[in-house]
Amino acid sequence: MRAQSSATGLTSITVSASPADTPGPAAPSTARSAHRLGTLQAALGVVAFSLTFPATAWGLEGFGPWALVAVRSVLAATMAGGCLLFLRIRLPERRHWAGLAVVAAGVVLGFPLLTTLALETSTTSHAAVVVGLLPLTTAVFSALRTGIRPSRAFWAAALAGAAAVLAFTVAQSGGALTSADGYLFGALVVCAAGYTEGGRLARIMPGWQVIGWALVGCLPLTLPAAVVALCYEPVVWNAHGVAGVLWVAAGSQFLGLVVWYRGMAAVGIPKASQLQLAQPLLTLVWSVLLLGEHLTAAAPLTAAAVLVCIAVTQRSRS
């Protein structure tokens, strides 16, 4: 799951202020405060995202997979659209539409759909380990998007992390990749692209507007899809199902992305990605506490190995 509003404002204060306008001692203090706030926002986003898989598993107890994805997007778009209308935010400039389309395809549609389909047959702990490669994938996309050439150590750690996850998925799947694993690896790619483009746009416009416009732009697809899916997939009204869909809509799809993109814009994509290292381990904890799943030793060990690999990539990007 930071292209949100306040991050841009904070960044503009620290960047645009010239030495002539800003007293010397105040500038470092302002920069540190902005960095701390951005770090806190990124951390809140990570906590929100760590609950996404358990909440999705809950949501699947009451909704079909297609209905769950469409309904969560419609609910999140309703919240975002209400904020945009209330604040009378103008439409984004045309030059930003392509970037918003990437965010929409990756974060609003692709990742929720692919992970929901995966969680029909996969445990949340298994999915958490596989998607633990997301910070690494995002770092690679960021390097490609910005033209930065990472060091050999970066690529070595990246390949080691990918190999660890691949070995885990093959071992857990009985010697071969399953359709759920295919969905999860596809989700990694599309979400990393959405994160990278969202982080770039968050430096141009307020981050919450980035995810807001991406959600609203998908309404012509998600609203009819929700109607059709609800007609064909039976809905079982229960507490878990309702709580799950509400969380993935409000917490994961909108508010979590708001603070995530804002933090990403304030501290940068690589720094924010380091905070996301904790996400798989947090999800493993939630899967035990909320879903009662029993973890094998391989899950936390693989998550820890991926954490080390990603930490190396973040320290060796230059």
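A word on terms before the first example: helix axes here are lines fitted to C-alpha atoms over the stretch in contact, and angles run from 0 to 180 degrees between N-to-C directions. Keep in mind that this is a predicted model.

Start with helix 7, residues 134-146, and helix 8, residues 152-172: their axes are 10 Å apart and the packing angle is about 145 degrees. The crossing is left-handed. Helix 7 brings Leu136, Ala139 and Val140 to the contact, and helix 8 brings Phe154, Trp155, Ala158 and Ala162. By class, that contact has seven nonpolar residues, no polar and no charged.

Next, helix 5, residues 97-119, and helix 12, residues 239-267. Their axes come within 13 Å and cross at roughly 135 degrees, so the two helices are oblique to each other. This crossing is right-handed. Val103, Val107, Val108 and Pro112 of helix 5 meet Gln253, Leu257 and Tyr261 of helix 12. Six of these residues are nonpolar, one is polar and none is charged.

Now the rings. How many aromatic pairs does a search of the whole structure find? It finds five. In one of them, Phe49 and Tyr195 have ring centres 6.2 Å apart and planes at 25 degrees, so the pair is stacked. Phe49 sits in helix 2 and Tyr195 in helix 9, 146 residues apart. Tyr195 also pairs with Trp260; that pair is tilted, at 5.5 Å centre to centre and 50 degrees between the planes. Trp260 lies in helix 12, so the pair ties together parts 65 residues apart in sequence.

Are these residues buried or exposed? Phe49 is buried, at 3% relative accessibility, and Tyr195 and Trp260 are buried too. Ring pairs link Phe49, Tyr195 and Trp260 into a cluster.

Definitions and conventions: Residues numbered from 1 in each chain as written. Predicted model: local features only at pLDDT ≥ 70, side-chain atom pairs only at ≥ 80, totals over all residues. Heavy atoms only, no water. Helix = DSSP H or I, 4+ residues; strand = E, 2+ residues; numbered from the N terminus. Parallel < 35°, antiparallel > 145°, perpendicular 65-115°, else oblique. Left-handed = near helix turned anticlockwise from the far one by under 90°. Contact = heavy atoms within 4.5 Å. Nonpolar A, V, L, I, M, F, W, Y, C, P; charged D, E, K, R; others polar. Phe/Tyr/Trp six-rings, centres within 6.5 Å; stacked < 30°, edge-to-face > 60°. Buried < 20%, exposed > 50% of the residue type's maximum accessible area, 1.4 Å probe, protein only.
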